[in-house]
Amino acid sequence: MPLATSLDKDSIREAYEDVRSDLTDTEWAVFKFDGPQIVVHARGQCFEEFRQQFGDSERAFGYIRIQMGDEMSKRKKFIFLTWIGQEVGVIQRAKMSTDKALIKDVLNNFAVELQAGVETELDIGLFREALNRAGGANYGTGIRDI
């Protein structure tokens, strides 16, 4: 019988606050399983590095800050990502719903929640589209300066 999942809450909260902070350059954090415990796996600044954190046989969670807006206003938006790689077994897939609930108690402020399982779904354009759909009205003049 699988062990109950636990969190390294202090380090997860620290990474979450690091991503949310305007005082740091950290744009993302990835959380993975170390046995039955979810821990901080990596943090970084580049979206390409974020994409490289997820493997076909892994379960993980990501939290990423993306600058949105237009020439009228710029704002930071956050995405919570659940990753279930294509090679993850049925039991581990099924556990992800309860494991996700645990980590969302700490990572509780985001505009969009996404789920991915193949590398092509880790696309900055798709992430921006999801944030735009969730963001409501866009009042820009059509000139992009992001």
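This is a predicted model: local features need pLDDT of at least 70, side-chain atom pairs count only at pLDDT 80 or more; totals for chains, interfaces and linings use all residues.
Looked at the S2/S3 pairing to begin with: S2 and S3 (residues 37–44) run antiparallel over seven bridges. I count two strands as paired if DSSP finds at least two bridges between them; helices (H or I, at least four residues) and strands (E, at least two) are DSSP runs, numbered from the N terminus. Lysine 32 sits opposite valine 39 in S3.

Residues are numbered from 1 along each chain as its sequence is written, and side-chain values use heavy atoms, with hydrogens and water left out.

Next, the whole sheet. I find six strands in an open sheet, order S1-S3-S2-S4-S5-S6, with mixed pairing. S1 (6–7) and S6 are at the edges with a single partner strand each, so one side of each has no neighbour in the sheet.

Then I checked what packs on the sheet. H1 (residues 9–20) touches S1, S2, S3, S4 and S5, and its direction makes about 30° with that of S3. H4 touches S4, S5 and S6, at about 65° to the direction of S4. Contact here is heavy atoms within 4.5 Å; axes are lines fitted to C-alpha atoms, for helices over the stretch in contact, and angles run from 0 to 180 degrees between N-to-C directions.

Last, I looked up phenylalanine 50. Leaving aside neighbours within four places in sequence, phenylalanine 50 is in contact with Trp28, Ala29, Val30, Gly62, Tyr63, Ile64, Leu81 and Phe127.
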